[in-house]
Amino acid sequence: MLLILVLLIYRIVTAGACLQCDRTIRNMHENFILSAHSVRYQIDLKNIRDHAYVKYRETSQDRKGVIDPTTLYRVKTEYQSEFDRFLKTKLTGSITFATIQIMEKGKNILEKHLDTFIPDGLCPNKCGLLHRRVMDCVSCKYKMYICPSVSDQLDCGVTPVQAEEGGQAVLDCFLPWHRLHLEKLEYFYSWVPGEPGTKKLTEKDFKTLVVTPDSSVVLNQLHLDEQGTYRCSLQNQNGAIFYQVTFLLTVTPLPLQTRRPFVTLPSLDYSPFQTTENLLVAVIAMVTTLSLAASVGLTVVLG
């Protein structure tokens, strides 16, 4: 019986580790062991758990021996769900064999998540340098893990940007893995005016534009003299560069617009004195006409 038990325990040697580092999982296992109805079974279950933990730590080195908090959380919640289902299921056989099976299921969960995390999620930076926080599966303590770029370069390339005069240009050098940095970093924007790509630039040519925790810079109402070579670098407080990208901004001038001729209206020679003079002439003419009509009427009557 003991020999079979040991052999079954050794089937767990390929587990990915780190599951035993979570306090919730350790307490869950401890409560399960103490729930056994006899001391002998408690000892057997404790031996199974302890041996599995040792193998978890040993074999973790085959998968870098580290895990990030997000992946550990996913492993923990999925394993907790399986363990709760195991506790609610009525056992039909030996509790020791059932314990080995549930711990082997934990191994499968670990392998699934670690086989996804290690090749794709541990060091997602294809260029630049990443310092991130991970858990050491041997010591169960968090530490800094250094991810150099695949090309071993901090420069992440050149991006051409085109905009019209009077328009807007958005320069954004953010990449998702920037959020994983352990240190507090800022984006340093600098630039060299002039037509981009026409001459070889040195570090002394670049002038600081802005230093900001935001990854993007918006240039509004562009002028022709604002075209040039813009550079964004991700730096810490000591000036160490972790990532750098260059933008070649070209500003296209607007076409010359035909001016509309102004329509000149004839001026109105208006004078208040002239208006009064015209009115007076009209009154005199009317009075004269009435006087003549009256004289003619009297002559006819007196005839």
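Visitor: Which residue forms a salt bridge with Lys76, and how far apart are the closest N and O atoms?

Guide: Lys76 pairs with Asp22, and their closest N and O atoms are 4.0 Å apart. Keep in mind that this is a predicted model.

Visitor: Which parts of the chain does that pair tie together?

Guide: Look up where each partner sits. Lys76 lies in helix α4, while Asp22 lies in the loop between α1 (2-9) and α2, so the bridge ties together parts 54 residues apart in sequence.

Visitor: Are Lys76 and Asp22 buried or exposed?

Guide: Buried is the label for under 20% relative accessible area. Both Lys76 and Asp22 are buried.

Visitor: How many salt bridges does the count come to?

Guide: The general idea is a distance rule: a side-chain nitrogen of Lys or Arg within 4 Å of a carboxyl oxygen of Asp or Glu. Here the count comes to 14. Among them is Glu78 with Lys112, at 2.7 Å from N to O. That pair links helix α4, which holds Glu78, to helix α5, which holds Lys112, across 34 residues. Glu78 is partly exposed at 26% relative accessibility. Lys112 is partly exposed too, at 44%.

Visitor: Which helices do Lys105 and Glu82 link?

Guide: Lys105 is in helix α5 and Glu82 in helix α4, 23 residues apart. Their side chains meet in a salt bridge of 3.5 Å, N to O. Lys105 is partly exposed, with a relative accessible area of 38%.

Visitor: Which residues of α4 are buried?

Guide: Thr71, Leu72, Val75, Lys76, Tyr79, Phe83 and Phe86. Seen down the axis of α4, these buried residues fall within an arc of 125°, so they line one face of the helix. They pack against α2 (23-34), β1 (66-67), α5 (95-121) and β2 (130-136). The face turned away from the buried side carries the exposed residues Tyr73 and Lys88.

Visitor: Which residues form a nonpolar patch on the surface?

Guide: Met144, Ile146 and Leu182, with about 270 Å² of accessible area together. Met144 sits in strand β3 (residues 141-147). Met144 is partly exposed, at 41% relative accessible area.

Notes
Residues numbered from 1 in each chain as written. Predicted model: local features only at pLDDT ≥ 70, side-chain atom pairs only at ≥ 80, totals over all residues. Heavy atoms only, no water. Patch = residues over 30% accessible without salt bridge, like charges linked within 9 Å, V, L, I, M, F, W, Y side chains within 5 Å. Areas by Shrake-Rupley, 256 points an atom, 1.4 Å probe, with all protein chains shown as cover. Helix = DSSP H or I, 4+ residues; strand = E, 2+ residues; numbered from the N terminus. Buried < 20%, exposed > 50% of the residue type's maximum accessible area, 1.4 Å probe, protein only. Arc of directions from axis to C-beta. Contact = heavy atoms within 4.5 Å.
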